[in-house]
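I opened my notebook to look around this protein. Here is what I looked up, entry by entry.

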Amino acid sequence: KARDGASLFSKLLSRNKKSITINLRDPKGQDLLCHLIETTQADALIESFRPGTLDRWNLGYERLKSHARGLILVHLSGFGQDGPYQNRPGFGTLAEAMSGFADMTGEPDGPPTLPPFPLADNCAALYAAFGVLAALRAREHRGGEGQVIDVSLLESLTAILGVYFVEFDQLGVVPKRQGNRTASAPRNTYLTKDGRWVAIAASTQSIAERLFNTMGQPELATDPRFATNRDRRANVDAIDEIVGKWVAQYTQDELVDTLVEAEVAVGPIANVADLVDDAHFKARETLVKIADSELGDYPHYMLKEIFEQPRALENAMRGRFSDDQSTAKFGGLNVSAQELRQVDRILLCACGTAWHACLVGEYLIERFARIPVEVEYASEFRYRNAPLDKNTLVMVISQSGETIDTLAALRESKRK
C-alpha cells in the first residue's frame, strides 16, 4: 500500500538505510560485487534468488570466499538449495500451505486457513538471522573461516510445528482443525456486552478454578463434566457455552479488569488502533515515531527494551525519489574511488522476489552489527538514486536489468 506514491512497506523496511543496485547478470556487475566484498572484507552476503542463480552468474561461494575468507553466505529460498522442490517458485503462501500450518488452522467445518500476514517469511528471517549470528561466533573458532547457510521458508515454518511430528510418529495422530481450541479448556475467544472480544486461557487446573469462582459458579470445579482438564475437553462445547454466557454480561474493559484482579489469564482481542494507544506499549516505547518528509511523524516497531544500547531510528529512505534528493546519483553522477575506499564496512544484502531477505538484513544490523544497512523489497527496486554515507556503503543486489547504465557509471567513477 502507498500514500501519495510513497510505499509504506518500503518505509518500514528502509529505516536507517541507503541503497545502491548492481546488475549481476553482467560480468562487470559480478566483478564489482567481488571487488566490494574484498575491499570491505564483508561479513555476510544474504541472497534470495532461486537456487543455483548465483552459480549461473559465476558468483558461487568458492569465488566469493576467495575475496573474503570469513564471508558468510546465506541462501534464503522457498524450499532450499536441493531436493525435488528446489526449483519451484518459493513464496510464503506455499510454505504456509505445505508446512502443515494451514491444514491445522481454521474451524473444524471450514477450509484450511492461511495467515493474513507473511508468517513463513518472518520465521525464515529469524532462523537466517540467528544462523548468521551463530556463524559469526563459530568463525572465531574456525580460524576465521566463513560458511554457507541454507534456509528455506518451508522448513523454517515446519520446525515450529515439531511436536505434531512426534505425536504422529508415536500415536499415529494427525492434527485436525479445531478453531481456537487446544489441549486445555476453556480456551477460546468470547464476545463481550459491548460487541468486543476477549481471549481466556484456563491452561492449568488452578486457573480454571479461579475462573469458576470469579464467575460465581464454584460448583463447576466439582461437576463431573468439568472437574479436570480431560473432562472439560470432552465437554468443551458445554463449558464454552457457560463461559460465553457469563462473559456476555460485561464490557470488554470490565471483564478484563475483573479477571486480571482474580489472576485469571485473559486478554482483550486488540486491533492495530488499540495497540497504538496501548498504555503498556507506550510505557515500553514499543512504537517509536520518526519524522519523515513525505509522511510526517509515523510509528516504527522497535524492541528497544531487549538491548542495552538501542539504536536511534532515523528517517527511512524515501519511498520514491525525486530530483531534490541528489546526495549521489549512480547512472549519471560520479561516485569516486576515494569515496569507495573510505567505506569502513559493508553488509551485502540481496533480494530476489521475496521480502524475507529484507527482514534478515534488518535483524542483523540493528541487533548485532550496528552498522547502517539498506534492505529493500525487490519488487520496489525502480530507483536510480543511491545516497552514499561518508564511511558506510551498503548495497542491495537486484535482478533488475534496468541498472546496467548505473553499474557502468559506478565503474567509470572508480577508474578515475
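**Surface charge**

I found a patch of negative charge on the surface, where Asp194, Asp253, Glu254, Asp257 and Glu261 gather. Patch members have over 30% relative accessible area and no salt bridge, and like charges are joined within 9 Å. A salt bridge would be a side-chain nitrogen of Lys or Arg within 4 Å of a carboxyl oxygen of Asp or Glu. I placed Asp253 in helix α12, residues 252–261. Helices are DSSP runs (H or I) of at least four residues, and strands (E) of at least two.

**Ground rules**

I noted that this is a predicted model, where local features need pLDDT of at least 70 and side-chain atom pairs pLDDT 80 or more, while totals for chains, interfaces and linings use all residues. Residues are numbered from 1 along each chain, and side-chain values use heavy atoms, without hydrogens and water.

**Backbone**

I saw that the peptide bond from Ala185 to Pro186 is cis, with omega near 0 degrees. Pro186 sits in the loop between α8 (162–171) and β6 (187–191).

Next I looked up Asn58, which is not a glycine but has a positive phi, near 60 degrees. Asn58 belongs to the loop between α3 (53–56) and α4 (61–65). With a relative accessible area of 47%, Asn58 is partly exposed. Buried means under 20%, exposed over 50%, and partly exposed in between, using a 1.4 Å probe and protein chains only.

Glu263 also went into my notes: its phi is positive, about 60 degrees, although Glu263 is not a glycine. Glu263 lies in the loop between α12 and β8 (266–268), and is exposed at 57% relative accessible area.

Key: Patch = residues over 30% accessible without salt bridge, like charges linked within 9 Å, V, L, I, M, F, W, Y side chains within 5 Å. Areas by Shrake-Rupley, 256 points an atom, 1.4 Å probe, with all protein chains shown as cover. Lys, Arg positive; Asp, Glu negative; His and termini not counted. Charge placed at Lys NZ, Arg CZ, Asp CG, Glu CD.
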